[in-house]
Amino acid sequence: MIKTYFIYLEGNKLREAIILLHGLGRTKHSMSKIEKHFNKEYDVYNIGYASLKYEIEVLVEKYLVKIVNELNEKNQKINFVTHSMGGILVRYLFKNYEIKNPGRVVMLAPPNKGSELASRFYKIHGPACAQIMRDRNSFVNKLGDINFECGIIAGGRNYYFFLNKYFKGKINDGIVAEDSARIEGQKAFIVLEKGHTLMMYSEEVIVKIEKFLKKGKFLG
């Protein structure tokens, strides 16, 4: 069950909200360390969704729209922190639904131009996986540029050496290539020596997330 918070700071000012979205085949527990870090200062909504069962459009409608509408009604500022395919849900959300008071978005290892592995294993990972194939005609590559304040942290460490053959020498995190994480309209981009699967648990990554949410930059 999604918890709705009505917590105020001095002067009756609403706290900002953060919506967390995990990646393909994961659960909300994969974002639990990030949730714990931010829940003292923000209203945090760690969303679990059936990533292997539905298309991206259905996932957004089924799991995101209701909570976004509730936050819109309060005019609460909405930030997002996403891992992997969670970033694609946010792109679709911003393109198709109203967010009255948007904050900042941090994407961890998003397949913004698709994933080489999705192109090979989509038949066993569900309909949303087929939408993030590394193909110019795939769903993800038809979403267009972004128009929100976004910082992207890409992974630069592949612990699965046997998968390197799929990336043809590109910097990658084992699932997503560095060049695929980039998107036109991004405000900040950084590559850290992290693997795709566990980067959400990294203290270094969490520090970078916090810096971008507060200052709109990773460095300086």
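Is Y160 buried, exposed or partly exposed? I opened the notebook with that one, and Y160 counts as partly exposed because its relative accessibility is 32%. One reminder to myself before going on: this is a predicted model.

**Entry 1: around Y160**

I looked up where Y160 sits, and found it in the loop between β7 (150-155) and α7 (178-181). Y159, Y160, F161 and F162 make a nonpolar surface patch of about 500 Å².

**Entry 2: the chain as a whole**

Next I stepped back to the overall picture. I counted 8 helices and 8 strands in the chain. The C-alpha trace spans about 55 × 35 × 30 Å along its principal axes.

As for burial, buried residues make up 51% of the 220 residues.

For contact order, I took the contacts between residues at least 6 apart in sequence. Of these, 74% join residues at least 24 apart.

**Entry 3: the cores**

Which residues have the most contacts inside the largest nonpolar core? I found I19, I56, F80 and L89 there, in a core of 41 residues. Helix α4 gives the most to this core, with 6 residues.

Leaving aside its neighbours within four places in sequence, L89 is in contact with L21, Y49, I56, L59, V60 and L64. Apart from this core lies another one, of 23 residues, and I noted I18, Y42, L108 and V205 among them.

**Entry 4: two positive phi values**

Here I went through the backbone angles. The background I kept in mind is that most residues other than glycine have a negative phi. N75 is not a glycine, yet it has a positive phi of about 55°. It is found in the loop between α3 (65-73) and β5 (78-83). N75 counts as partly exposed, because its relative accessibility is 46%.

S84 was my second case. Its phi is near 55°, again a positive value in a residue other than glycine. S84 lies in the loop between β5 and α4 (86-96). Is S84 buried or exposed? At 8% relative accessibility S84 counts as buried, since the cut-off for that label is under 20%.

**Entry 5: salt bridges**

How many salt bridges does the structure hold? I have 12 on the page, and I looked at a few of them in detail.

I began with K214 and E41, whose side chains meet at 3.3 Å, N to O. K214 lies in helix α8 (residues 203-215) and E41 in the loop between α1 (32-38) and β4 (43-47), so the pair ties together parts that are 173 residues apart in sequence. K214 is partly exposed, with a relative accessible area of 42%. E41 counts as partly exposed as well, at 43% relative accessibility.

I moved on to E116 and K170, where the salt bridge is 3.6 Å, N to O. This pair links distant parts of the chain: E116 is in the loop between β6 (102-108) and α5 (118-121), while K170 is in the loop between β7 and α7, 54 residues apart. E116 counts as buried, at 7% relative accessibility, whereas K170 counts as partly exposed, at 34%.

My last pair was D179 and R134, which meet at 2.8 Å, N to O. D179 is in helix α7 and R134 in the loop between α6 (127-131) and β7, so I logged another link between distant parts of the chain, 45 residues apart. D179 is partly exposed, with a relative accessible area of 27%. R134 counts as partly exposed too, at 25% relative accessibility.

Which residues are linked with E116 in a network of salt bridges? I found R134, K170 and D179 in that network.

How values were computed. Residues numbered from 1 in each chain as written. Predicted model: local features only at pLDDT ≥ 70, side-chain atom pairs only at ≥ 80, totals over all residues. Heavy atoms only, no water. Helix = DSSP H or I, 4+ residues; strand = E, 2+ residues; numbered from the N terminus. Buried < 20%, exposed > 50% of the residue type's maximum accessible area, 1.4 Å probe, protein only. Core = buried A, V, L, I, M, F, W, Y, C linked by side-chain atoms within 4.5 Å. Contact = heavy atoms within 4.5 Å. Patch = residues over 30% accessible without salt bridge, like charges linked within 9 Å, V, L, I, M, F, W, Y side chains within 5 Å. Areas by Shrake-Rupley, 256 points an atom, 1.4 Å probe, with all protein chains shown as cover. Salt bridge = Lys/Arg side-chain N within 4 Å of Asp/Glu carboxyl O.
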